[in-house]
Amino acid sequence: MKTISKSRGKNRSAGIGEMEFEEMFNTWYDALTNYLYYKSGDIDLARDIVQETFLKIWEIKTEIRINTARSLLYTIASNIYRNKYHHQKVIFRFANTYTEKRISESPEFEMELKEFDQRLQKALAGLSEKNREVFLMNRIDGLTYNDIAQNLGISIKAVEKRMKNAMSFLRNKIDMKI
Amino acid sequence: MKERNSQEEFLSAEDFKNLTTEEKILLISGGYSVPDKLAREEAYAELVQKIKAGTKAGTVSHTSGNKYLYWGIAAAILLLIGLSVFLGQKDTVSVLACKGTHIEYLLPDSSRVFLNADSEISYSRSDFMDNRSLQLKGEAFFETRKGTNFMVSTQYGKIKTLGTTFNVNSRADFFKVSCLTGKILVQSSGDSLIVADHESVLLSGNKLSKRTEENIEKSISWRFGEFHFEDRPLALVFDEIERQFDVTVEASGAEDRFFTGSFYNQDLSEALDIVCIPMDLKYEIRNNKKIIISELSE
């Protein structure tokens, strides 16, 4: 693998090493895989794209700075998804702690929960990708609006708006108003 | 990532019944996890294998000199065409921003125009105070003074206003108007739409489609050196790079792709990295002026 070193602007510290690469992987693997799952509903695809993304980062590791790496990760991943893979129907199969591990209180309640879960997962698949990914990054990964804004390169206000839109869509879908 | 509290897992039927739909959504979705995910260590091992095997042939190769294009506001180039003192004849003023330059210009009525690189406006000097009308090629942000009808004409359409702020982007194969304050009227291909603040219109095919922008300031971030693209045809992204850095880009077969992301006009290589890497492309800079884009696998 050939890399030609070049001089860059004054404030640049050259590239990241193997240790930093591994650390980056450890830090972002989960979040990035989840992000791609929220987009596609396909865990195998998510895994492939994360691999591709990190491979790209590895190829150019001597050229990038660690602090720009974060948004580069998300940009690369989402562009691969957008351009290379056809958008098949999104169907989620989230594992749900509330229906899987609970002590059954009553079969009726269990049914009710299962039904709600199904409707919610279906409604999530119906959300627009933009609103959905933000909503799930907040709810499942527990990311703050600030984190999400930084990862996706959008404003906090934009995150708020997407959360709000996601919520009202989900609410209406579940209450069967739409 | 958040820690899951085992306390949260206990939920009584009574509690659940009393929740609003919204609360139920928040609660249940909070209990979700992504299924069948490969453990991180395994995933990393897999990655290392791929790296060792050199499965991804091809490199990101850069050949470039040391000089970087400096960003600055250059003086406006005013071309006065056809000065005339005869009645009925017009004197046209053209203001041109070259590639790699942005220009701020004050119109006779004190309205302000901010021109992006490789953009030009022209208007009639004697007529302007009576009829605030100008032609635009390229991209500009307008801060128009309240008053009589103000009109911007481009190859794809006209924009009319009484005094508002808006951004017009009229390039080959691309026409987008964003309204920041007030209301404007956009006419194109027989369509006529009123666009209010935080809304934009885009010409796709032969139709104008309007939408609300979450972050309308993004449409004028170019003034601060930031260029954002959402699903933009890659060829048009390269066009913008050409304009901002005053280079030529040769990209054969890079069409049919769409780019979502942002670049800054401070550093050419960084901008090229941001666009090329996600698109699986590599670039070569020759003589600081010419960029050759090719597929990474070539």
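Student: How many salt bridges does the rule find across the interface of chain A and chain B?

Tutor: This is a predicted model, where local features need pLDDT of at least 70 and side-chain atom pairs count only at pLDDT 80 or more, while totals for chains, interfaces and linings use all residues. Residues are numbered from 1 along each chain as its sequence is written, chains are lettered from A in the order in which they are written, and side-chain values use heavy atoms, leaving out hydrogens and water. Across the interface of chain A and chain B, the number found is nine.

Student: Which residue of chain B meets A:Arg93 in a salt bridge?

Tutor: The two side chains meet at 2.9 Å, N to O. The partner of A:Arg93 is B:Asp36.

Student: In which helix of chain A does A:Asp30 lie?

Tutor: The side chains of A:Asp30 and B:Lys37 form a salt bridge of 2.9 Å, N to O. B:Lys37 lies in a loop of chain B, between strand E1 (32–33) and helix H3 (40–53), so the pair joins two chains. Helices (H or I, at least four residues) and strands (E, at least two) are DSSP runs, numbered from the N terminus. The helix that holds A:Asp30 is H1 of chain A.

Student: How much area do chain A and chain B bury between them?

Tutor: The contact (heavy atoms within 4.5 Å) takes 72 residues from chain A and 64 from chain B. Buried area is the accessible area (1.4 Å probe) lost on putting two parts together, summed over both. Of this area, 59% is on carbon and sulfur atoms. The total is about 6600 Å².

Student: Which three residues supply more than any other three of the area that chain A buries against chain B?

Tutor: Together they supply 10% of that area. They are A:Gln51, A:Tyr98 and A:Arg139.

Student: At roughly what angle do the axes of H6(A) and H8(A) cross?

Tutor: The axes, lines fitted to C-alpha atoms over the stretch in contact, come within 8 Å. Angles run from 0 to 180 degrees between N-to-C directions, and 65 to 115 counts as roughly perpendicular. H6(A) and H8(A) are therefore roughly perpendicular to each other. Their axes cross at roughly 95°.

Definitions and conventions
Angles under 35 degrees count as roughly parallel, over 145 as roughly antiparallel, 65 to 115 as roughly perpendicular and the rest as oblique. A salt bridge is a side-chain nitrogen of Lys or Arg within 4 Å of a carboxyl oxygen of Asp or Glu.
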